[in-house]
Amino acid sequence: MILLTEIYIVRHCQATGNVHHIFQGSTDSEITPCGAKQLEFLAARFAPIHFDAIYSSPRLRARLTAEAINRTMQLPIQIDDDLREIYGGCIEGMTFPDIFKHYPDLENIWNEEPHRFAPEGGEPMWEVFDRAGRTIQRIANENKGKTVVVATHGGFIRNLMCYYSGYPIERLNEIPWSDNTAVSLLRFDDNMHCKIVFQNDSSHLPDEYNPKRGRIGAAKEDPK
């Protein structure tokens, strides 16, 4: 008998740090009215889906997203610090315009060579890449044959999709950012080999509740 393990990866809803262009990697911020509406549509999407476990990053925007997904199933939400977003160190909590003003070398790295991103005192991007793959592989092993939901962050998800696409981190910029509350599905076989079933599906959101991310520096929303 073949046991398939499925993991839904969900990016958190829109938070105030997104609309104010703040690097909010490890910073908690309230969700926006748009984010609250996104959660209503996300909850409706997951209402008919049976899952056996649900995990969340400790950040408020992720926990509220997990709670919305969990409205029907009402399972214990497992808070896992390894699902956290990248920590920005010296730029944590700063706006992107201020970051690029005070650290001009970071603008091109962030937009064009994100695999090289390593702010002073923060978490290098390569560590997020390793942590994302290691964490989801662990969760899959802990839940063999089950269906799991994970609520996490844009940077984490981008690294994760790069990892499970079989790419080295140097190809990170080829991976698109996920929309707020977008859903991706990973499927693991008996040998824990992973297939990306679909990626960045935000079809549950009407267009007015699905603002798109642009290039940072000219963006309407930042990726954290």
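A residue counts as buried under 20% relative accessible area, as exposed over 50%, and as partly exposed in between. In this predicted model, I79, with a relative accessibility of 47%, therefore falls in the partly exposed class. I79 belongs to strand β3, which comprises residues 77-79, and, when residues up to four places away in sequence are not counted, it touches S56, S57, P58 and R63. The C-alpha atoms of I79 and V148 lie 13 Å apart in space, the two residues being separated by 69 residues in sequence.

Helix α6 (residues 125-142) packs against helix α7 (residues 154-164), with axes that come within 8 Å of each other and cross at roughly 75°. The crossing angle lies in the range of 65 to 115 degrees, and α6 and α7 are therefore described as roughly perpendicular to each other. On the side of α6 the contact is formed by M125, V128, F129, R131, A132, G133, T135, I136 and Q137, and on the side of α7 by G155, F156, N159, L160, C162, Y163 and Y164. By residue class, this contact between α6 and α7 consists of 10 nonpolar residues, five polar residues and one charged residue.

The length of α6 agrees with expectation, because its 18 residues, at 1.5 Å a residue, should span 26 Å, and its end C-alpha atoms are 26 Å apart. Within α6, the buried residues are M125, V128, F129, R131, A132, G133, T135, I136, I139 and A140. The elements that cover these buried residues include the strands β1 (5-11), β2 (53-56), β4 (147-152) and β5 (183-188), together with the helices α5 (105-112) and α7.

The side chain of N210 makes a polar contact of 3.1 Å with the side chain of S202. When its neighbours within four places in sequence are left aside, N210 is in contact with D179, S202 and L205.

Conventions
Residues numbered from 1 in each chain as written. Predicted model: local features only at pLDDT ≥ 70, side-chain atom pairs only at ≥ 80, totals over all residues. Heavy atoms only, no water. Axes fitted to C-alpha atoms, helices over the stretch in contact; angles between N-to-C directions. Helix = DSSP H or I, 4+ residues; strand = E, 2+ residues; numbered from the N terminus. Parallel < 35°, antiparallel > 145°, perpendicular 65-115°, else oblique. Contact = heavy atoms within 4.5 Å. Nonpolar A, V, L, I, M, F, W, Y, C, P; charged D, E, K, R; others polar. Expected span 1.5 Å × (residues − 1). Buried < 20%, exposed > 50% of the residue type's maximum accessible area, 1.4 Å probe, protein only. Polar contact = N/O pair within 3.5 Å; in protein donor to acceptor, adjacent residues only side chain to side chain.
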